[in-house]
Amino acid sequence: MSVTPVTAAHPSARPAPAFRGRIGRDARSGHYAVPRRYRLYLAAADPDCLRIAVIHGLLGLDTACPVTFLPAVPDCPDGGHSALRPLYDASAHRYTGPALAPVLSDDWSGRIVSSHGPDIARDLARRFGGGRPTLYPCGAESQIEAVERMCAQGIEAAAQRAGAADAEEGERSAALEALLATLGVLESGLGAHQYLIDDQITAADVELWVALVQLDTVHRYHLDADAVHRIADHPALWAYARRLAAHPAFGAHLDLDAVARRHHARCQGLEAAGAAVQILDWAAHTSDGADSRPRVDRP
């Protein structure tokens, strides 16, 4: 399908990453692809980490790049993970910020390569992807970036503002309309296509699926029931989300209990009537692929 971004009322507010190293093509780049040189640290209840976990699963990188899964709720007062603190301290002199996931670390040096989710996802796919699914097809980068913007602005930021208790009614209504407009564009495209780009799973599908998971498992708790019913009234979009949930690389990493615990630990908003209107039974749909799903160990 052709992807045209819809501008939301508010931009995304992802925290700035502390580290932006990249994995290059060969030894001249310093960091280059070597099996088992790197390790991922992910808290799959975090949407950035969930995206990386799904891409890692689609690429089949369990052996080439092992993953350590962190608790859903960070255990440090600043919102960081104590398990990551030694890596952060080793990677930046007198680092004072929170030790956040995701992290791609270099076991050879004991330091962090990157804590920037989109860069990590692209490097996994491009540097370790030989003979594996092509998640960033040649010529499709602009479409994938358009989907990323739609999800960050037209879904994530719009849904947050539509449910913000401190926003004016007009502002919440405008944000809801921006959200619905974005879902409408996606609904139109998915009505005629199985996936977003080239009828194959790409990074764009991972981005959208995670955004839909967040919309139903987090954001609807702060929307009224009518808004959630309007969001649910996109049958092709939610059928697509349901179909991907049954795929082992997607469903294996959807820990609903962890998402709920993270939400309750971080959320300062008020629960609304939409909390009672679940759009998908995610647990049932993820179990559809249970027989072929890899085992995921969590602390």
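Buried means under 20% relative accessible area, exposed means over 50%, and partly exposed lies in between (1.4 Å probe, protein chains only). The model is predicted, so local features need pLDDT of at least 70 and side-chain atom pairs count only at pLDDT 80 or more, while totals for chains, interfaces and linings use all residues. Residues are numbered from 1 along each chain as its sequence is written, and side-chain values use heavy atoms, leaving out hydrogens and water.

**Exercise 1.** Classify both partners of the salt bridge between aspartate 166 and arginine 161 by accessibility.

*Solution.* Start with the contact: a salt bridge needs a side-chain nitrogen of Lys or Arg within 4 Å of a carboxyl oxygen of Asp or Glu. Here the N to O distance is 3.7 Å. Next, aspartate 166 has 66% relative accessibility and counts as exposed. Finally, arginine 161, at 22%, is partly exposed.

**Exercise 2.** Work out which parts the salt bridge between arginine 122 and glutamate 148 joins.

*Solution.* First, the closest N and O atoms of arginine 122 and glutamate 148 are 3.1 Å apart. Arginine 122 sits in helix 3 (residues 117–127) and glutamate 148 in helix 4 (residues 141–162), so the pair ties together parts 26 residues apart in sequence. Helices here are DSSP runs (H or I, at least four residues), numbered from the N terminus. Then check burial: arginine 122 is buried at 8%, and glutamate 148 is buried at 18%.

Conventions. Helix = DSSP H or I, 4+ residues; strand = E, 2+ residues; numbered from the N terminus.
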